[in-house]
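Please open the model in your viewer and keep the selection tool at hand. We will go from stop to stop, and at each one I will tell you what to pick.

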Amino acid sequence: MVKKHSMYVLRMAAILMITCLLSFLLDRCGIGRENILMLYIVGVLMVAYVTNGYQYGIIASLGSMMSFNFLFTEPIRTFSISRQDDVIMLIFFLATALISSNLTVRFQKQVKVARENEQLARQLSLEQERIRFAMEKEQMRSRLLRSISHDLRTPLTGIAGASSLIAEKGNVLERENIISLAKDISVQSDGMIQMVENILNMTKIESGNLVIEKNPEAVEDIISNAMINVKSRRQNRRIRVEVEDSVFMVPMDGKMMVQVLTNLLDNAIKHTEEDGEILIRVTKEQGKVWFYVEDNGTGIDVNEKDRLFEEFVTFRPVSQDTGKGIGLGLAICRAIVTAHGGTISVENRTEGGARFFFSLPEDAS
């Protein structure tokens, strides 16, 4: 505080000294005393501007009046005043200087308060944004837990029912019934494995721990592994594969890319009739490898197209037997493809159904 006060005193003294020097030069140039008084008023305003407090303006006003009296009123070089007009002029000068400095200091304080209010408003806005983000995150977590509990309960109930029936009445059930129950257990188990895999991958993505390890992988092997993953859920749906070359290698994380194709196939199965057809097509174009997953199902609602790749976005499947899911599959696809340096999108086919397609760089860069 003492250091700041000393700094303000030095500023005030410097301004008053400069004002006196300039006024002396103006007087030598024949400038009238009325104009020189304006220079002193400017000096007082500058003191009020570069300091903080009414006392500096008052001191500068009194000092300027005494300096003007000493230098420019008769008798010169004294503090006496012989003319009544000079007394009135100095009184008006002092009043003007005091009012001007007072207004300047008040204006400075208002500016400071405005800046503090602006900073406080910005801090409040950031705090509100943080609270809103935390609330949205909590709502998302609650929604995820509800979805997981619901979607895990359904296959677990089916698995528990089928296994209990086999355990209790296996000796009297026909072989075909036992095989059917075992297939149901297999389908429900595959769905649970896929769901858990998606949850684990999304956890890695959100925590920033998703690591992509690119190695040359055969495209047909990736497609074959993805088809195996959905084999138990495809039922009577046909999956056709068209690869531009018989076999070619693409740098990618094989396990992650199998997950992408598995999720896209699973999505196509959910939105395609049981006797429908799904096409997997792979082509090369301008240094990129394009993967297409097409179906002849219900297509995409244009109003929901932009939201498809967001988390927890789900839509009603064609068959209730395929399950609805927790809405992580397409969000994971986008994250994995983007991490590979590619892009993913979706469009409706003119002949009906949807077409998901994504690109991967043909080289490892």
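Start by selecting F68: this residue is buried, with a relative accessible area of 0%. Keep in mind along the way that this is a predicted model.

**Stop one: the partner of F68.** Y40 and F68 make an edge-to-face aromatic pair, with 6.0 Å from centre to centre and 85 degrees between the planes. Y40 lies in helix α2 and F68 in helix α3 (residues 54-72), so the pair ties together parts that are 28 residues apart in sequence. Is Y40 buried or exposed? Y40 is buried, with a relative accessible area of 1%.

**Stop two: α1 against α2.** Select residues 2-28 for helix α1 and residues 33-50 for helix α2. Their axes come within 9 Å and cross at roughly 165 degrees. An angle over 145 degrees counts as roughly antiparallel, and α1 and α2 are therefore roughly antiparallel to each other. Their crossing is right-handed. To see the contact, show side chains: from α1, the residues include Y8, M12, I15, L22 and L26, and from α2 they include I36, L39, Y40, M46 and V47. By class, this contact of α1 with α2 has twelve nonpolar, three polar and two charged residues.

How many aromatic pairs does a search of the whole structure find? It finds five. For another pair, select F291 and F358. Their ring centres are 4.8 Å apart and their planes are at 5 degrees, so the pair is stacked. F291 sits in strand β5 (residues 288-295) and F358 in strand β7 (residues 354-361), so to speak a link between distant parts of the chain, 67 residues apart. Both F291 and F358 are buried. Next, pick W290, Y292 and F357, which form one aromatic cluster.

**Stop four: backbone details in the loops.** Go to E74 and P75, which are joined by a cis peptide bond with omega of about -10 degrees. P75 lies in the loop between α3 and α4 (84-169).

Then select Q235, in the loop between α7 (231-234) and β2 (238-243). Its phi is near 55 degrees, a positive value in a residue other than glycine. Q235 is partly exposed, with a relative accessible area of 40%.

Finish at Q286, in the loop between β4 (277-285) and β5. Q286 is not a glycine, yet has a positive phi of about 50 degrees. Q286 is exposed, with a relative accessible area of 77%.

Notes: Residues are numbered from 1 along each chain as its sequence is written. This is a predicted model: local features need pLDDT of at least 70, side-chain atom pairs count only at pLDDT 80 or more; totals for chains, interfaces and linings use all residues. Side-chain values use heavy atoms; hydrogens and water are left out. Axes are lines fitted to C-alpha atoms, for helices over the stretch in contact, and angles run from 0 to 180 degrees between N-to-C directions. Helices (H or I, at least four residues) and strands (E, at least two) are DSSP runs, numbered from the N terminus. Angles under 35 degrees count as roughly parallel, over 145 as roughly antiparallel, 65 to 115 as roughly perpendicular and the rest as oblique. A crossing is left-handed if the near helix is turned anticlockwise from the far one by less than a right angle, and right-handed if clockwise. Contact means heavy atoms within 4.5 Å. Ala, Val, Leu, Ile, Met, Phe, Trp, Tyr, Cys and Pro count as nonpolar, Asp, Glu, Lys and Arg as charged, and the others, Gly among them, as polar. Rings of Phe, Tyr and Trp (its six-membered ring) pair if their centres lie within 6.5 Å; planes under 30 degrees apart count as stacked, over 60 as edge-to-face and the rest as tilted. Buried means under 20% relative accessible area, exposed over 50%, partly exposed in between (1.4 Å probe, protein chains only).
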